[in-house]
Amino acid sequence: MKRLLHLLFHLILVSALPGAFLRAGDRKPNIVFFLVDDLGWTDLGCYGSDYYQTPNIDRLAASGVRFTDAYAACNACSPTRAAILTGMYPARLRLTDWIPGQATLPKHQFKPPPWTQHLEHRHVTLAEALKQAGYTTVHIGKWHLGKPDYYPTKQGFDYNIGG
């Protein structure tokens, strides 16, 4: 139940954002979410870059919702992606390193804790919740949340390109 509440919180947050209010009879808003590894906070024009030119992303940002105060759930891609999809902290998911990780490197000073090498099916994902709301969902790009049994189309996405 707690997981469902986390996911509902995220859905309510998305639906309450400016520009997401629609009149009766209007179509549901399109949702395009970019998760980019190693993107700095001023690497896009819409966030203040005067070095990089990103006109297409800037136009998309001007007509949509931009997040201006957010933090990654983890310093690695897999746990961050899993946290966004489930609304849960990486430690609660037992997914605390990038998949496949580096559990046996000699440089580790401590023994890494047991952790999951995939996003478990028991967790409801944002894609599954959006599908229940009538959305068609697509994942494009890097996945790093498990082998074929855990690929995006097994986690609620209708289509997967490159994941």
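The model is predicted: local features need pLDDT of at least 70, side-chain atom pairs count only at pLDDT 80 or more, and totals for chains, interfaces and linings use all residues. Residues are numbered from 1 along each chain as its sequence is written, and side-chain values use heavy atoms, with hydrogens and water left out. The chain has five helices and two strands. Of its 163 residues, 27% count as buried.

**Overall layout**

- Along the sequence, the pattern reads α-α-α-α-α-β-β. Helices (H or I, at least four residues) and strands (E, at least two) are DSSP runs, numbered from the N terminus.
- Take the contacts between residues at least 6 apart in sequence: 45% of them join residues at least 24 apart. Contact means heavy atoms within 4.5 Å.
- The accessible surface of the chain is about 11700 Å². Carbon and sulfur atoms hold 58% of that surface. Accessible areas come from the Shrake-Rupley method with a 1.4 Å probe; for residues, only the protein chains shown count as cover.
- Burial follows relative accessible area: buried means under 20%, exposed over 50%, and partly exposed in between (1.4 Å probe, protein chains only).

**Helix H3**

- Helix H3 spans residues 77–86 and is mostly covered, with nine of its 10 residues buried.
- The buried residues are Cys77, Ser78, Pro79, Thr80, Arg81, Ala82, Ala83, Leu85 and Thr86.
- Serine 78 lies in this helix. Serine 78 counts as buried because its relative accessibility is 0%.
- Beyond its neighbours within four places in sequence, serine 78 contacts Leu95, Asp97, Trp98, Ile99, His144 and Leu145.

**Aromatic pairs**

- The structure holds two aromatic pairs. Rings of Phe, Tyr and Trp (its six-membered ring) pair if their centres lie within 6.5 Å; planes under 30 degrees apart count as stacked, over 60 as edge-to-face, and the rest as tilted.
- Tyrosine 51 and tyrosine 52 form an edge-to-face pair, 4.9 Å centre to centre with 85° between the planes. Tyrosine 51 is exposed, with a relative accessible area of 65%. Tyrosine 52 is partly exposed at 43% relative accessibility.
- Tryptophan 143 and phenylalanine 157 also form an edge-to-face pair, 6.0 Å centre to centre with 85° between the planes. Both residues lie in the loop between strand E1 (138–140) and strand E2 (159–161), so the pair ties together parts that are 14 residues apart in sequence. Tryptophan 143 and phenylalanine 157 are both buried.

**Nonpolar patch and tyrosine 47**

- Ile31, Phe33, Leu35, Tyr47 and Phe67 make a nonpolar surface patch of about 460 Å².
- Patches are made of residues with over 30% relative accessible area and no salt bridge; like charges are joined within 9 Å, and nonpolar side chains (Val, Leu, Ile, Met, Phe, Trp, Tyr) within 5 Å. A salt bridge is a side-chain nitrogen of Lys or Arg within 4 Å of a carboxyl oxygen of Asp or Glu.
- Isoleucine 31 sits in the loop between helix H1 (2–16) and helix H2 (55–62). Isoleucine 31 is partly exposed, at 42% relative accessibility.
- Arginine 66 lies over the face of tyrosine 47, at 4.8 Å from the ring centre. A charge sits over a ring if NZ of Lys or CZ of Arg is within 6 Å of the ring centre and within 35 degrees of the ring normal.
- Alanine 61 belongs to helix H2. Alanine 61 is buried, with a relative accessible area of 15%.
- Alanine 61 and tyrosine 47 are 14 residues apart in sequence and 9.4 Å apart in space, C-alpha to C-alpha.
- Leaving aside neighbours within four places in sequence, alanine 61 is in contact with Cys46 and Arg66.

**Backbone exceptions**

- Most residues other than glycine have a negative phi, and most peptide bonds are trans.
- Aspartate 38 is not a glycine, yet has a positive phi of about 60°. Aspartate 38 lies in the loop between H1 and H2. Its relative accessible area is 79%, so aspartate 38 is exposed.
- Arginine 94 has a positive phi near 60°. Arginine 94 lies in the loop between H4 and H5, and is partly exposed at 42% relative accessibility.
- Isoleucine 99 and proline 100 are joined by a cis peptide bond, with omega about 20°. Proline 100 lies in the loop between helix H4 (90–93) and helix H5 (126–132).
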